[in-house]
Amino acid sequence: MIKAEQHEPTLAERLRKATGTNVVECYQCGKCTAGCPMVRYMDLAPSQVMRLAQIGDAAALDRLLASTAIWSCAGCLTCTQRCPKKQDPAAIMDALREMSYRRGMVSAKQKKVLAFHRAFLKIVEQTGRMSEVPLTGLYKMTSGDLFSDVLLAPAMMLRGKLPMVPKAISGRKEVKRIFAACRKRGER
Amino acid sequence: MTAIGYYPGCSLHGTGRELDQSIRALSEVAGVELREIEDWNCCGATAAHNLSHALAVALPFRVLALAEEQGLKEVLAPCAACFSRLKGTAVRLARNADLASEMKELTGHDYRGGVTLLNIIEYVNRLLAGGLKDKLNKVLTGLKVAPYYGCLLARGEDIIVGDNPEQPTGMEAAIRATGAEPVAWNFAVECCGGGFSMSKTEAVVDLSCAILSDAEAAGAQAIVAGCPMCHSNLDMRQQTINAAGLGNHDLPILYLSELVGLAAGVDPKRLGLDRHFVDAMRVAPGRA
Amino acid sequence: MARVGVFICHCGENIGRTVDCPAVSAAAAKLPGVVVSLDYKYMCSDPGQQMIKQAIKEKNLTGVVVAACSPRMHEVTFRRAAAEAGLNPYLLEMANLREHCSWVHQDREAATAKAIDLVRVMVEKVKRNRRLYPIRVPVEPTALVIGGGIAGIQAALDIANGGKKVILVEKSPSLGGHMARLSETFPTLDCSQCILTPRMVEAASHPDITLMTYCEVEKVEGFVGNFEVTVRQKARFVDPAKCTGCGSCYQKCPAKKIPSEFDAGLGYRTAIYTPFPQAVPNKPVIDAEHCIMLTKGKCGACAKVCPRGAVDYKDQDKLVKVKVGAIVVATGYELWDHSAYGEYGGGGLKDVIDGFQFERLASASGPTGGQIRRPSDGAAPQTVVFIQCCGSRDEKTGKSYCSKICCMYIAKHAMLYKHKVHGGRAVIFYMDIRAAGKGYDEFVRRAIEQDGVEYVRGRVSRIYRRQDGKLIVRGADTLAGQPLTIEADMVVLADAIVPREGAESLAQMLGVAYDTSGFYSEAHPKLRPVETATAGVFLAGACQAPKDIPDAVAQASAAAAKVLGLFAKPELEREPVVAKVNQVTCVHCRACIEACPYRAIEDVDITDSRGNVIKTVARVNEGLCQGCGTCVAVCRSGSIDLEGFTDEQVFAEIETLE
């Protein structure tokens, strides 16, 4: 029997390991594209993301990681729910986002989306929980979107929905260590 | 008094405050003690799974481990997103022993799989079956509501079990028990825009507007939701939608626990109905 | 003195790659009783068989072992060769060096050693084999065809025209099957009933065909050439001998609002009814579940108006036993239930219909007189969306397979719609176009290029009815890389083709295998498409797999040819591998009779010359025995043995292995 040589895992193999989905099985029916609520904000339709993942060469990977598509995905799971081949395009999107972020390839057009996620996690890292006031403040500073929704803040406060002083949990050092350990991990 | 573990999640102290209030009030009426997990951390929500898979597992792992350590065999997570993260992680861990030991090393906690998660629908149905039904009065007779499950209370095969992901009916019994009438409408499982409220507001405006419009066209006088994200997008953002010229919406958005709370005779303010952006107090009996 | 010849086959590379055949041959030559041992590349080939025949004659062999593939492959081939050379075929055995050795092992040394063992085992057996002669059983030259659709009708006509008698059983009141419900057929757009009804009439009036409509097969006993089938004749409540088919009864029947099965629920029928005007036989039956007289004891209008007094409310089901020599199964198909797709409305959207419903709308004899009108309000739909692969090629919710005919009939539907609703818009969502038949691809291109049907490549994610009444179809155009939403008035779903309800229980009655989707299994997917693994039972039409009318007709004729081949001889030869009871030692414990799965053993009295019963023993019916050996295993007194696999032979095989 001829033994397979050790080779660099293909993108499809890496994605399968990360998500359990073997993109080779996708037969490009387009049902994910048809049902995606966010497709109008995407430069690649979800079925095209799956197609590029199948192609998997360097050029395809670049297109994927630099796309606006992966950052416009809402994770609504409609694609995964209805896929006739039992694929999980939502998980593929997740895996590509992580790759895109780690490699610093996030599309400039998605600055706000990335800023929001990062701000969210920063607050959690520091205190163990998310809190609207610091989150919004950090988000506005890092996204450059200073003025939207300013009128919402007083409305929220009036309704008692803006806790002013976020408490940090006792275990926040643990949480910080978790964040640090996760940072150290390699790409999936 | 029976007790159950409680994971409010970050939003229930902020934008989702009514959900926390109404759940607590309802539990009191039903005679269930909510034992909040001590020192719980954020589950990571959408941000974690978007940027780091390891973090997306590790943060819920800590929560589950704490619950187990504190002797809480069952945990209620009223926020649909938190529930999805916590239960999704629990299911993954049960299938993959390697992942569990990896997380043990990463977090310093040991979780052995001993916690069951409940979402808002499962919890309310359980309360009803456990005797709460007899304490309800059909005070909302004549109120037409559109039951809105959103994404995470309908989809995720291993996470949402026992209901039809395309045509769910989980909330129906509870709604009818209050006298309200669930209407047949088309957007029960359509996405509201999720976490894009600030970072892609236009998407939330478009998607949530479509939901409001269909509910109104179906004759609904209110939408009943089960997720603070959905609630915020439909309630807090309703004025944004109107301001964008996309309609003249005036539809109160209620949590399932608020609706049932009204039928249980709880004071509307105690349920948090006075905190909504779109006036929800008018749904309370005697206040139309 | 035993004179055994051993012939080792390389089977090309199949055996030769793993087993050292020359070495096996050399080892076999040394076995006691072996007088010739040869190896060759392809024993089953002509020169290979010649080699064996020559050796039999020249060396005066008393037994032959062919060490090659599985006996299931070539035992028949080699035994025939032996018989041609003058050696009783049952003195030839095969040692399986392929499926039992070279195909399951990789170590050449170990495999070769095992091969030598296998050969030795069979040599020891064959030395103890006895000459056996085939058992002859009479063949009843009557065929039973189950199913009166186009395949069943074709098979019945071909067998009858071949000079043999046919009993054609159909469970609905009329012949015709699904083909009678179609409006036009692809690729010619021939009127379906126009080409079908002449065949129906021919089958009904053929002197050698006995038509049994409104009947179902209840029980099947026996074996090839000698089946005994119990058929339930359902109560018609109308005497067909008296009825003239005048139709006065159903015109007067007050129970008018029963959804018509023939019209796919889009139209109604009465309780006393013929399924469609061209029914054959054109005699009504009464639907006992909905007849006011039969359920409530009131009415009786049909009996009053019948000029011939043909209505009989006291009618009962009858069980009829028929003797047949062969059975052709032509039970057809039905459409998968798309209510499993919650995203398409879960079956609750009235204007989302299936292929048969569209056929009934398009049919001149249908509920709308051939006009395309949507079910909810009877309006003519201005935009119709057709969705292919609904439930097919969907491992998650539906069936994994392709249903073969939908690409063609959807193209046809769209064309008919465009012809009938001028200015209407037809959009077809597809994944692929499977149009491989004669003139088929051209047919689809005509739909696109001449009739203006729009083809969009992509599946549909969701269909819902917007509050203003429009059906919103959310699809995708994968070739353009974007979603496509259509506001439609009606949607036609090409639901997957599945076997008919009841197919599984019928298969169990017949002892026929079926696959995980319920389609009946052919004996060999390539070379034996109309036979089953059960001798005497043949397949025709869509019960075997989704197919269109030309393929169903071809398969039906093929099945008929097999039946006629079976009936060509007055007697069938059966393998003599049957059990035999030693009546001297049999103690009549009846364990064998209870254990036999084929009910092939009976009690028999042994009498003296005056007719007094001396003892009762068991006796094997050689016509029914399948040679399974169960009786041999349970016999306490060791009084049963299996010809061709006697205890002596089998123990010799075992004992020669260390």
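This report describes the interface of chain C with chain B and a sheet in chain B, both taken from a predicted model.

**Interface of chain C and chain B**

Chain C and chain B each bring 11 residues to the contact. Together they bury about 820 Å², and carbon and sulfur atoms give 37% of this area. Of the area that chain C buries against chain B, 54% is supplied by C:Gly342, C:Arg462 and C:Gln467, more than by any other three residues.

Three salt bridges are counted between the two chains. In a salt bridge between C:Lys396 and B:Glu157, the side chains meet at 3.1 Å, N to O. On the side of chain C that touches chain B, strand 24 (residues 460-465) gives the most, with three residues. By class, that side of chain C holds six charged, four polar and one nonpolar residues.

**Sheet in chain B**

An open sheet of chain B consists of four strands in the order 6-5-7-8, with parallel pairing.

| Helix of chain B | Strands of chain B touched | Angle |
|---|---|---|
| Helix 8 (residues 201-217) | strand 5 (144-148), strand 7 and strand 8 | about 125 degrees with strand 7 |
| Helix 9 (residues 228-236) | strand 5, strand 7 and strand 8 | about 165 degrees with strand 8 |

Methods:
Residues are numbered from 1 along each chain as its sequence is written. Chains are lettered from A and ligands numbered from 1 in the order in which they are written. This is a predicted model: local features need pLDDT of at least 70, side-chain atom pairs count only at pLDDT 80 or more; totals for chains, interfaces and linings use all residues. Side-chain values use heavy atoms; hydrogens and water are left out. Contact means heavy atoms within 4.5 Å. Buried area is the accessible area (1.4 Å probe) that two parts lose on being put together, summed over both. A salt bridge is a side-chain nitrogen of Lys or Arg within 4 Å of a carboxyl oxygen of Asp or Glu. Helices (H or I, at least four residues) and strands (E, at least two) are DSSP runs, numbered from the N terminus. Ala, Val, Leu, Ile, Met, Phe, Trp, Tyr, Cys and Pro count as nonpolar, Asp, Glu, Lys and Arg as charged, and the others, Gly among them, as polar. Two strands pair if DSSP finds at least two bridges between them. Axes are lines fitted to C-alpha atoms, for helices over the stretch in contact, and angles run from 0 to 180 degrees between N-to-C directions.
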